[in-house]
Amino acid sequence: MIRASRSTWRRAVSGLLAAALGTALAVVAAPTAEAATVTISADYRSDAGPFDKAKILNANEGGYLTHNSLNWLPEAYDPFKEAGLQLVTITHLLNENFYNIVSGTGPNFSYDYTKLDRVIQPLLDKGLTPMMGLAFTPEVLGGATKAQGFSNAIPNNNEYWKLIVQNLVQHYKDKGHTGWYWEVWNEPNLGTSFWNGTQAQYNALYKATAEGVRAADPSAKIGGPATAQPTGAFIRDFTNYLGQNPSVPLDYLSFHEYGESFDLTQAEADLARNGRAGTPIFITEWHASPNMTQGPGAMSDTNVMATYAAWKMSHALTKPGLSKIFHFAPKEGLTPTKLFNGDLGLLTVDNHRKAVFNTYKLFNSLGPTRLSTNLSGAGTATGQVGAITTKDPGSKSVALLMWNHQNTSTDVSVNLSNLPYAADGKNIRVTQYVIDAHHGNYYADFAAGIRGWDVGPSENLRPQESKVVPGSSTFARTFVPAPNALVAYVLEPTSDAVTDAAQVGPTPIAVGSRNLAQGRPVSTSSSIEAWSWSKAALTDGLNHSFSKVDAAPAASGWSSDPHTTSAATESAYVDLGSSLDVDRVVLWPRDDKECEGYGFPKDFALQGTDNPAGTWTDLAAPVANYNNGQPLPPGAGAQTFAVTGKYRYVRVIATSLQPACAGDGVPKHFQLAELQVYGGANMAAGATVTASSALEDWGWSTRHLTDGQETSDGPAYGYSSAWGRTDDPDVTVRLTLPSTKTISRIDLFPRTDAGNEGKGFPIDFSVRVANDANCTTWSTVVARGNYWNPGRFTQTFGFAPRATRCVEIEATRLYRFTDSGFHLFQLGEVKLYN
């Protein structure tokens, strides 16, 4: 066995984390402060008013050209709800980029809400509410053509514009939706970027818009002017116009602010001067910076934005004149072919949760009543170190969220007093969550080279402490938040017994949820390498066809060459790098709105081989007359096929092709947005297990570590180090695989037997892999320290794929059993996946 001292383990931790996160830690966006003690205290009885989630948990999606796939945004609505978003602004409603609502000649226009409803209705179905951005000019009023999509032209007829707006509002009123917020235009003050008109023309358009909105829905809320800054002549002159025209409604004044301090001074003065004092103010776009192309690892990609957002959201709560703020953007898409590029979303273009997403999730978890929270120490005066404490009077839960938006760690002491738990005869379930460079931060996975996971191993917000402690009227903790870290504690009353075993576990990451094909090379029978098509785009991680993008290159997917007949054969195959077990192939159809569902083959087969020049074997029965030979319907999405086999190369071969777009008789093509391959085989099955220390009795044995039994409820319990050690020895367990396997994930299963849940799980440990003949050259892929008792919950760790013959788990600080005083390393099971 290869052995390592504790100092070697610490070097492994430092080296692994530095390599994975060097880019993230290089960001210098937060202020630097000397490490100092910060004290935070709150009294359960000190109500400080309601905690207003509706004020801060809103977002503005903007007009990324990725919306040309009408499936792209709705697939993010479940995460939007998870983040607690209340209002989501959908804009570019009336120009021709996306929804193509109005056609014909006024005043008897024709209206078609099919495309817009595909984006709005799913949002409503998730319980979220749209804020509707009334911009820009449709083609029928002198705007850009459908081919152009957008121009800065202003409507050439305000009466017709009013009719179109009224019809739009009426459409949703007829569906039962009233009282929505409607915003007029976007940044009309930016020269000719969005508004090629005068201030007076904007004022007149605003009046016409308000009349159209209120004619359809008198309860609707109308506002603007959505300027790019909170100050300047445009807002002043707009409010002057409102002062001179008191009958023109203004339900809220809106503007955007990037990297500033939510300055309401001019806006409030302008409103008051014109008889509109007390009008709600909305900041309908905010972020640290408007720059969306700062490169991978920019502030907006990492935990630095997570702490910045906490600071700014808490600051917004202190502004009584500020009614709502909207993060730009909930989902990013400026440069879709760069999965990280410094864009501004809570979610990446391919739906991964960024660190700032988890900030929103923590804010959403806070209770309805704020407690007066006292802070002192370095950084607290500016709010860069801060905290919010809340309670739920019904459940009597308490939540404390603190942030350290500085480039140094800081010592923190927390004390909560007059808690009701002891008086109520309840114990306390304590759960801690952390966001920092290593936790709740998907960029850490990306920087480490981890690709293809549906959910990254470091992506989700997951508990870092979870236990039941004795009931008390006080709660005290000292801890040291890392640079740019958030730490949250949730206290809940419980009748459960006191235990150090986790009560709340991480969200499970499904086995077989890594796309083995992502980023792998593709070979094709033919390929159009132009007009946003390429064979490389077939495995680029983008499941939608982005034929139009704000920042090149566009990426629609792969298209074969054209054929004059459907009776043609075309194929594409991916090289997985080694022979892998596969159980699922997913084909994503072309889905740009102009040609959605076209190009998908009628007859095809899914096949595998280890030699692409040799024989291909069917992975499933060949498919004939798919979808009755018709293009896939709008919104069809992923087409999933169960397969069986173990091969290096996976191919889809089509023998009957379809038109590439509606109205095309010829030519015929084979077209896909993405090809995905999945497999969930446990690579640890059949491994030989040896250990530097082992107990071979009472249901414990090295052979039980890979026997497939995930629980330790008997008669086989799993693996245990040798009984009777009162010191704290290093212990190493080795799995020697039957042959070289590619792995990128290890699942460690703790003890699950009643009363011993999680006991024996190591406190400090590392995982390393080797692939040389004698397993002597090792690479550390996982390193963890101060690990808490995980209870019954499986612990998943991921890393970039590695060819592996041997895996070692080294525990350098063991769990101590209080009843015996023995230090033991115990696991119920180990599984390995790619």
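A salt bridge here is a side-chain nitrogen of Lys or Arg within 4 Å of a carboxyl oxygen of Asp or Glu. Keep that cut-off in mind. The model on screen is predicted.

**Stop 1: Glu 710 and Lys 831**

Select Glu 710 and Lys 831. They form a salt bridge, with the closest N and O atoms 2.6 Å apart. That lies within the 4 Å cut-off, so the pair qualifies. The two residues come from distant parts of the chain, 121 residues apart. Glu 710 sits in the loop between strand 30 (688–691) and strand 31 (719–720). Lys 831 belongs to strand 39 (residues 829–833). Is Lys 831 buried or exposed? Lys 831 is buried, at 10% relative accessibility. Glu 710 is partly exposed, at 35%.

**Stop 2: Glu 596 and Arg 118**

Move to Glu 596 and show Arg 118 with it. This is another salt bridge, and its closest N and O atoms are 2.9 Å apart. The link spans 478 residues of sequence. Find Glu 596 in the loop between strand 22 (570–588) and strand 23 (603–609). Find Arg 118 in helix 4 (residues 114–125). Glu 596 counts as buried, with 11% relative accessibility. Arg 118 is partly exposed, with a relative accessible area of 21%.

**Stop 3: Glu 810 and Arg 768**

Now select Glu 810 and Arg 768. Their side chains meet in a salt bridge at 3.1 Å, N to O. Glu 810 is in strand 35 (residues 795–813), and Arg 768 is in strand 33 (residues 764–770). They are 42 residues apart and link distant parts of the chain. Glu 810 is buried at 1% relative accessibility. Arg 768 is also buried, with a relative accessible area of 7%.

Next, select Glu 82, Arg 353, Lys 361 and Glu 459 together. Salt bridges with shared partners join these four residues into one network. How many salt bridges does the structure hold by this rule? The count comes to 35.

**Stop 4: helix 9 against helix 10**

Show helix 9 (residues 303–317) and helix 10 (residues 355–365). Their axes come within 7 Å and cross at roughly 35°. The crossing is right-handed. On the helix 9 side, colour Asn 303, Met 305, Ala 306, Ala 309, Ala 310 and Met 313. On the helix 10 side, colour Ala 355, Val 356, Thr 359, Tyr 360 and Phe 363. These residues make the contact. By class, the contact has nine nonpolar and two polar residues, with no charged ones.

**Stop 5: helix 5 against helix 6**

Switch to helix 5 (residues 158–174) and helix 6 (residues 199–216). They pack at an angle of about 35°, with their axes 7 Å apart. Helix 5 passes helix 6 in a right-handed crossing. Helix 5 contributes contact residues including Trp 161, Val 165, Val 169 and Lys 173. From helix 6, the contact residues include Leu 205, Ala 208, Glu 211 and Gly 212. How many charged residues does this contact have? It has three charged residues, alongside nine nonpolar and five polar.

**Stop 6: aromatic rings**

The structure holds 52 aromatic pairs.

For one of the pairs, select Phe 282 and Phe 326. Their ring centres are 6.2 Å apart and their planes lie at 40°, so the pair is tilted. Phe 282 is in strand 10 (residues 281–287), and Phe 326 is in strand 11 (residues 322–327). The two are 44 residues apart. Phe 282 is buried at 2% relative accessibility. Phe 326 is buried at 0%.

Then select Tyr 443 and Phe 446. This aromatic pair is tilted too, at 5.9 Å centre to centre and 35° between the planes. Both residues lie in helix 11 (residues 442–447), three residues apart, about one turn of the helix.

**Last stop: Thr 539**

Select Thr 539, in the loop between strand 20 (522–524) and strand 21 (558–559). Thr 539 is buried, with a relative accessible area of 2%. What is it in contact with, leaving aside its neighbours within four places in sequence? The contacts of Thr 539 are Ala 517, Gln 518, Gly 519, Arg 520, Val 522, Val 574, Glu 674 and Leu 675.

Methods
Residues are numbered from 1 along each chain as its sequence is written. This is a predicted model: local features need pLDDT of at least 70, side-chain atom pairs count only at pLDDT 80 or more; totals for chains, interfaces and linings use all residues. Side-chain values use heavy atoms; hydrogens and water are left out. Helices (H or I, at least four residues) and strands (E, at least two) are DSSP runs, numbered from the N terminus. Buried means under 20% relative accessible area, exposed over 50%, partly exposed in between (1.4 Å probe, protein chains only). Axes are lines fitted to C-alpha atoms, for helices over the stretch in contact, and angles run from 0 to 180 degrees between N-to-C directions. A crossing is left-handed if the near helix is turned anticlockwise from the far one by less than a right angle, and right-handed if clockwise. Contact means heavy atoms within 4.5 Å. Ala, Val, Leu, Ile, Met, Phe, Trp, Tyr, Cys and Pro count as nonpolar, Asp, Glu, Lys and Arg as charged, and the others, Gly among them, as polar. Rings of Phe, Tyr and Trp (its six-membered ring) pair if their centres lie within 6.5 Å; planes under 30 degrees apart count as stacked, over 60 as edge-to-face and the rest as tilted.
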